[in-house]
Amino acid sequence: MSAPPEVASKSIESVPPEVTTLPPEGTVPPKVTTTSIESVPLDDAIHLNRAFAGWGCDEVTILNILAHRSAEQRTQIRQEYKTKFSEDFDHRLSNELMFSPDLKRALLLRMDDPTSRDAKIVKHGLSNNLNVAIEVICSRTPSKLEELKKAYRTMFTTYLDEDIESYAQGDNKKAVKRETSSEFKCALLTILQCAENPEKYFAKALHKAMDGLGTDDETLTRIIVSRAEVDIEKMKAEYLKKYGKPLSDVVHSETSGHYRAFLLSLLNPNP
């Protein structure tokens, strides 16, 4: 038996409209404004699963949702997705975006809660780029550093202090052989600049990542994603003051496609 007209009407209205059209390449996608999709993580999980279905995936819907959700909401989306579809969300996201490496890197970094993200960046930095580890450690408040140390211990079953000491011992051996370690000098400068004015430091790092031929997308992504919920407006102001151009304009010229759209969404959360 069919539902009464008023019930049927209400059921139809309760389903949020799907994003089915692609915006021009590189434009910032509009926010999904339906109340339920903004406030209910289960709805987000369902829409994301729909975006994964079929050949390829609906990248617009994916970035539309993930660019405009808080860290807490993103964690809840991951949990709801696991419960509803018996699948790890990050793993599915990674598989779906295998042919869009820049967007994949940015979205997976975005999905991490800020503390876990910091722990991963520091761990990677200690092995590959000391300045990256230093910039995270020196730009966090004492309370955030304590959270970072706890997360690091849980994720990697080792203490952050011990890993730093191990790295320092190795670097000192290199320094003795070379008498002067340029890497050590650079590390000291990073400590001073980042501790004194993080926004100015990150503005300079972004400029360096986009200056000249090619773009350092790993650095560009790391800074924008990790600072989007911290001090993005101050960083944009510092960039404009120092280089005379809006950061968004430079990012727009140096990137493309949905990767560009996602970064611009983080830079301009309320356009």
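Buried means under 20% relative accessible area, and exposed means over 50%. Keep those cut-offs handy for the exercises below, and bear in mind that this is a predicted model.

**Exercise 1. Work out whether Cys194 is buried or exposed, and which residues it touches.**

Step 1: find the residue. Cys194 sits in helix α12, which covers residues 182-196.

Step 2: apply the cut-off. The relative accessibility of Cys194 is 0%, so this residue counts as buried.

Step 3: list the partners. Setting aside residues up to four places away in sequence, Cys194 touches Glu135, Cys138, Ser139, Tyr201 and Phe202.

Step 4: check one pair along the chain. Glu135 and Cys194 are 59 residues apart in sequence, yet their C-alpha atoms are separated by 6.1 Å.

**Exercise 2. Say what stands out about the phi angles of Ser86 and Thr157, and where these residues lie.**

Step 1: Most residues other than glycine have a negative phi.

Step 2: look at Ser86. Its phi is near 55°, a positive value in a residue that isn't glycine. Ser86 belongs to the loop between α5 (71-85) and α6 (89-96). With a relative accessible area of 65%, Ser86 is over the 50% cut-off and therefore exposed.

Step 3: do it again for Thr157. Here phi is positive too, at about 50°, and again the residue is not a glycine. Thr157 is in the loop between α10 (142-156) and α11 (160-178). Its relative accessible area is 64%, so Thr157 is exposed.

**Exercise 3. Describe the nonpolar cores, using Leu206 as a way in.**

Step 1: start with the largest core. It has 43 residues, and the ones touching the most other members are Leu66, Leu93, Leu206, Val251 and Phe262.

Step 2: zoom in on Leu206. Ignoring neighbours within four places in sequence, Leu206 is in contact with Leu220, Ile223, Ile224, Met235, Tyr239 and Leu247.

Step 3: look for another core. Apart from the largest one lies a core of 15 residues, including Ala119, Val122, Ala151 and Tyr167.

Step 4: Nonpolar side chains tend to be buried together in soluble globular proteins.

Terms used
Residues numbered from 1 in each chain as written. Predicted model: local features only at pLDDT ≥ 70, side-chain atom pairs only at ≥ 80, totals over all residues. Heavy atoms only, no water. Helix = DSSP H or I, 4+ residues; strand = E, 2+ residues; numbered from the N terminus. Buried < 20%, exposed > 50% of the residue type's maximum accessible area, 1.4 Å probe, protein only. Contact = heavy atoms within 4.5 Å. Core = buried A, V, L, I, M, F, W, Y, C linked by side-chain atoms within 4.5 Å.
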